[in-house]
Amino acid sequence: MGDVVQMHFGTVDYVIFALLLVASAGIGLFYAFSGGRQRTTQEFLLADRSMSCLPVSLSLLATFQSAVAILGAPSEVYTFGTQYWFLGCSYFLGLLIPAHVFIPVFYRLRLSSAYEYLELRFNKTVRICGTVTFIFQMVIYMGVVLYAPALALNAVTGFDLWGAVLAMGLVCTLYTALGGLKAVIWTDVFQTVVMFVGQLAVIVVGTSQAGGISEVWRKAINGSRIASLDLNPDPLERHTFWTLGVGGVFLMLALYGVNQAQVQRYLSSRTEREAVMSCYVVFPCQQIVLCLGCLMGLVMFARYGEDSPLDKGYVKTKDQMVLYFVMDVFRDLPGLPGLFVACLFSGALSTISSAFNSLATVTMEDLIKPHFPSMTEAKATLLSKALALAYGLVCLAMAYVASLMGSVLQAAFSIFGMVGGPLLGLFCLGMFFPWANSIGALVGLVSGLVMAFWIGIGSFLMRMPGPDPLPLVNATAPPFLGNMTTVAMTTLVSAVTTKPRPTGVEAIYCLSYMWYSAHNSATVVLVGLVVSLLTGPMKEKDLTPGTVFPVLGTLLFFLPERYREKLCCITPLGQKHKEVHCQPYLMAQKEKENPRQLEEEGEQVGQGEAGEKLGETGLFSPQASTTLTPHPSQETAL
């Protein structure tokens, strides 16, 4: 191919990029000055619980599909082949379990923040620890997710680095702070469409230039890039069917089950049924996104073969390779490079807008409101908008910090994945094990975080390049898996050498990154259960009804009744002590959401309708998975 000079954007490309920003800002301003005009925290943070299935599902998809994933999946497939596609097998359980376990529990408790659940199930200390962990996770991540694609774009096209970062950061802050969750969800819908169009354009033009899809497939087979089913059970193997299909389930649960950015979208749904349906709609969309990423990787291979731009020195990292390929394919087609960059930054926008909104929500609901219960609705709404604005500025500051981090950039991405597992473990401990207490939850969370950082940092240090001029062998370096998982912008790719199988601590450091989430969440659950049993397990009468999913009662049906009673799983939780625990909580929730309906709602609770709201007839029975019909009392509140 010969030496290629740095490729540059034309005027049309800049216009298309600018149109993306203008359209996104326009949607935000529309929702700032229409409807309820974001005058209540309920509207600003939860879109008035009025969203339908389709926008919610596309927003769930967009939050997951970051710029890092758009750049990463094709380079992963180009380098290692289509084994990565088996990740799609994990989507089935990874979305089915949130749909029928997490959504019913969260939705029927009428929460605003996922961490509100932790106070109901354990106590305020556990709630604050969960909230602070989440804020730490998101603040570190959102600056990097904005800076990394801008850096790649600058390296390949000369696109102004800080111009891109500031334009994206400020536009995103503007529409998130003014338009609230409604604006975030509808801009996500628009950005999802742009992402699909951008990726499709690259695949269609690239396939056409390579000689058609059959030629692309032939070259991929000849180059051993079409992977077969690898059933090797070794957890140290980077990608096998088990690491992707089973380990991936836990990654998906950490993302779609308990992450505040996603839970907030479920809670914004008009009814519980719509929230569940949004999970089902995401499933085929994610499969399409995965296939597009794999196809783009195969088209890249058909174009360059084993002689990659990375090896030739045209680019320095794998993420730049995808951008180089796009600019190469579109070099004679003005406007299309701009379309792909709009696609790329749509991924970044959808991710950081979700981060701002979810951070504003948890800060408001978990850290501020409990200490200022008498705060007026107008003040609370204004403060929520100020928080979204403040987090936007923090994001820009973190992008600057990311620019100073250099090779530590990968560690910053990994922190996101490290924290997701322990948080999943904490929610699973509370939801599935009735005897777990607050001390067990705290000790379990700390143990999970320590384990996560020990393995994460240990494996990162093992991969650091030494004095040897050859790149290090790395069996576990993560690809650009997606937004809410362990990802890395610069993976150290291995020169294949025969190495003895690692043993002892080294083996733990070499664990496939796909098992991190499962390993860390299991640590939280096991340590939490042991500590709970040692410090005095919780009694059934002390549990808030509606906070435990009765999976144990169903699984242990064969045990004698007296043993099941000791395990707190003899009766569906939510029937006993309802008046003591739930009525005050639900009434307070109603007062917060709609004071005018408090009196009417109070009568309904008195007549026993609150029992329905807590899922007496659906959630807390073995038939929970089929009970999707929204309760009348929920619809009344809306």
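Is G88 buried or exposed? In this predicted model, G88 is buried, with a relative accessible area of 6%, where buried denotes under 20% relative accessible area, exposed over 50% and partly exposed the range in between (1.4 Å probe, protein chains only). Residues are numbered from 1 along each chain as its sequence is written. In this predicted model, local features need pLDDT of at least 70, side-chain atom pairs count only at pLDDT 80 or more, and totals for chains, interfaces and linings use all residues, while side-chain values use heavy atoms, without hydrogens or water.

G88 belongs to helix α5 (residues 88-108); helices are DSSP runs of H or I with at least four residues, strands are runs of E with at least two, and both are numbered from the N terminus. Beyond its neighbours within four places in sequence, G88 is in contact with Q287 and L290, a contact being heavy atoms within 4.5 Å. The C-alpha atoms of G88 and L290 are separated by 7.2 Å, although the two residues lie 202 residues apart along the chain.

Eight cavities of 30 Å³ or more are found in the whole structure. A cavity is a set of points, on a 1 Å grid over the protein atoms alone, where a 1.4 Å probe fits but cannot get out, and lining residues have an atom within 4 Å of a point. Grid points are joined across faces, edges and corners, and volume is the space filled by probe spheres set on the points. The largest cavity holds about 110 Å³. Its lining comprises 14 residues, of which Q65, A73, Y84, V289 and L290 are the closest to its centre. At least two lining residues come from each of α4 (67-80) and α12 (272-304). Helix α12, of 33 residues, spans 49 Å from its first C-alpha to its last, close to the 48 Å expected at 1.5 Å a residue, taken as 1.5 Å times one less than the number of residues. G305, with a positive phi near 60 degrees, follows α12.

Across the chain, the secondary structure amounts to 26 helices and zero strands, and 61% of the 638 residues count as buried. The mean pLDDT, the predictor's confidence in each residue from 0 to 100, is 79. Confidence is highest in helix α20 (residues 516-535), at a mean of 94, and lowest in helix α26 (residues 632-637), at 36. Over residues 467-498, pLDDT stays under 50. Where pLDDT is low, the predicted coordinates should not be read in detail.

Terms used:
1 Å grid on protein atoms, 1.4 Å probe; cavity = no way out; pocket = protein on both sides within 12 Å on 5 of 7 lines; lining within 4 Å.
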